[in-house]
Amino acid sequence: MAGKKQDYRGKTAQDLEVTKILSIVALIGIGICVAYLSYEDNLYSVGQFWMSPVLIMLIVNELGKYQLFNLLFREDRTLNPRENVGLRKRKSFRSRIVDGIKFVGAMGMFLGIYAAICIALGAPALEKHEETFTLAGVLTILTVFPLVIFLGISGCLQFLWTETLDSVSKVDAAYVKLAKISAAGAIFGAWSGSIVAPLDWDRRWQVYPIPNIVGALLGYTLGDILVLCQQLISSIFPSFSLFP
C-alpha cells in the first residue's frame with residue numbers, strides 16, 4: 001500500500017513538474033507578445049497577416065515548449081509519440097516531404113475552418129479578409145498546432161474527435177491536458193473579445209480583430225494558470241480537480 005502511494009506521489013510530482021515548466025515557458029512567450037503589442041502602435045497592426053510578427057512569436061513559443069518537453073521528459077524525441085527514433089531515422093526524404101505536405105494541408109484546413117467560424121459569428125464577410133485570417137491563424141496556432149506537433153496529424157484528429165489517447169504516458173497526458181485547457185481558454189477569450197466591439201467608446205483597440213486576438217492571448221494565459229493551479233493544489237489535496 002505504501003509502495004502504491006509513493007508511486008502515485010512520484011507520478012503526481014512529475015505531472016506537476018511538466019505542467020509547471022511548460023506553463024512558465026508559455027507565459028513567458030505570451031508575455032513577450034503582449035510586451036510587443038504594448039510598444040508604440042504595434043497593437044493596431046496586429047491584424048496584418050504578413051506584417052505583424054505575433055504569429056511567428058506564437059509558433060516559436062509552441063515549438064520551444066515542445067522541444068523543452070522532449071529534452072527533459074522524453075527518451076524518444078520525435079514529432080509523434082507513436083513513432084520511435086529508429087523508424088524516424090529510416091524515413092526517406094520523400095516520406096518527409098509527404099509528411100510536410102500533410103502538415104501544411106492540415107494547418108491550412110484548420111485555418112480555413114476557423115476563418116469560416118469567425119465569419120459565421122459576425123466577422124465581416126466581404127471585407128477585412130486579412131484580419132480574419134490573422135485571427136484564424138492565432139487560434140490555429142494556440143489550439144491545434146501544439147497537438148499536431150505532439151501527437152501527429154492522425155493522433156490530433158483522433159483526439160479532437162474522441163478526446164481519447166492511445167496508450168500515452170502520464171507526462172504525455174499532462175502535456176496534452178495543458179494544451180487542451182489552454183486551447184479552450186484561447187477560444188473563449190477570442191469569443192469574449194467580441195463583447196467590446198459594439199460598445200460606443202470610439203477606441204482604436206475596439207476595431208476588429210484587435211480585441212479578439214488579445215482575448216485569445218489572455219484566455220490562453222488563463223487556461224495555463226488554471227491548469228498550473230490545479231496541479232499545485234492537487235499535489236496537496238489529491239481529490240481536488242478543476243477539470244476532468
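Among contacts in the protein (heavy atoms within 4.5 Å) between residues at least 6 apart in sequence, 71% join residues at least 24 apart. The structure is a predicted model, in which local features need pLDDT of at least 70, side-chain atom pairs count only at pLDDT 80 or more, and totals for chains, interfaces and linings use all residues. Residues are numbered from 1 along each chain as its sequence is written, and side-chain values use heavy atoms, with hydrogens and water left out.

As for the fold, there are 8 helices and 0 strands, giving the pattern α-α-α-α-α-α-α-α along the sequence. Both kinds of element are DSSP runs numbered from the N terminus, with helices being H or I of at least four residues and strands E of at least two. Of the 244 residues, 41% count as buried; that label means under 20% relative accessible area, with exposed over 50% and partly exposed in between (1.4 Å probe, protein chains only).

On to the inside. The largest nonpolar core has 51 residues, and L58, F69 and L142 have the most contacts within it. Such a core is a set of buried Ala, Val, Leu, Ile, Met, Phe, Trp, Tyr and Cys residues joined through side-chain atoms within 4.5 Å. Helices α1 (2–38), α2 (54–73), α4 (93–120), α5 (129–143), α6 (145–162), α7 (170–192) and α8 (210–234) each give two or more residues to this core, and the largest share, 9 residues, comes from α7. Setting aside neighbours within four places in sequence, L58 touches I30, C33, V138, I141, L142 and L217.

The protein exposes about 13,800 Å², with carbon and sulfur atoms supplying 66% of that (Shrake-Rupley method, 1.4 Å probe; for residues, only the protein chains shown count as cover). M109, I113, I117, L121, L157, L160, F188 and W191 make a nonpolar surface patch of about 810 Å². Patch residues have over 30% relative accessible area and no salt bridge, with like charges joined within 9 Å and nonpolar side chains (Val, Leu, Ile, Met, Phe, Trp, Tyr) within 5 Å; a salt bridge is a side-chain nitrogen of Lys or Arg within 4 Å of a carboxyl oxygen of Asp or Glu. Helix α4 gives the most to the patch, with 3 residues. I113 sits in α4 and is partly exposed, at a relative accessible area of 40%.

Finally, confidence. Mean pLDDT (the predictor's confidence in each residue, from 0 to 100) is 84, and 85% of residues reach 70 or more. Confidence is lowest in helix α3 (residues 85–89), at a mean of 51, and highest in α5, at 95. Over residues 1–10 pLDDT stays under 50. Where pLDDT is low, the predicted coordinates should not be read in detail.
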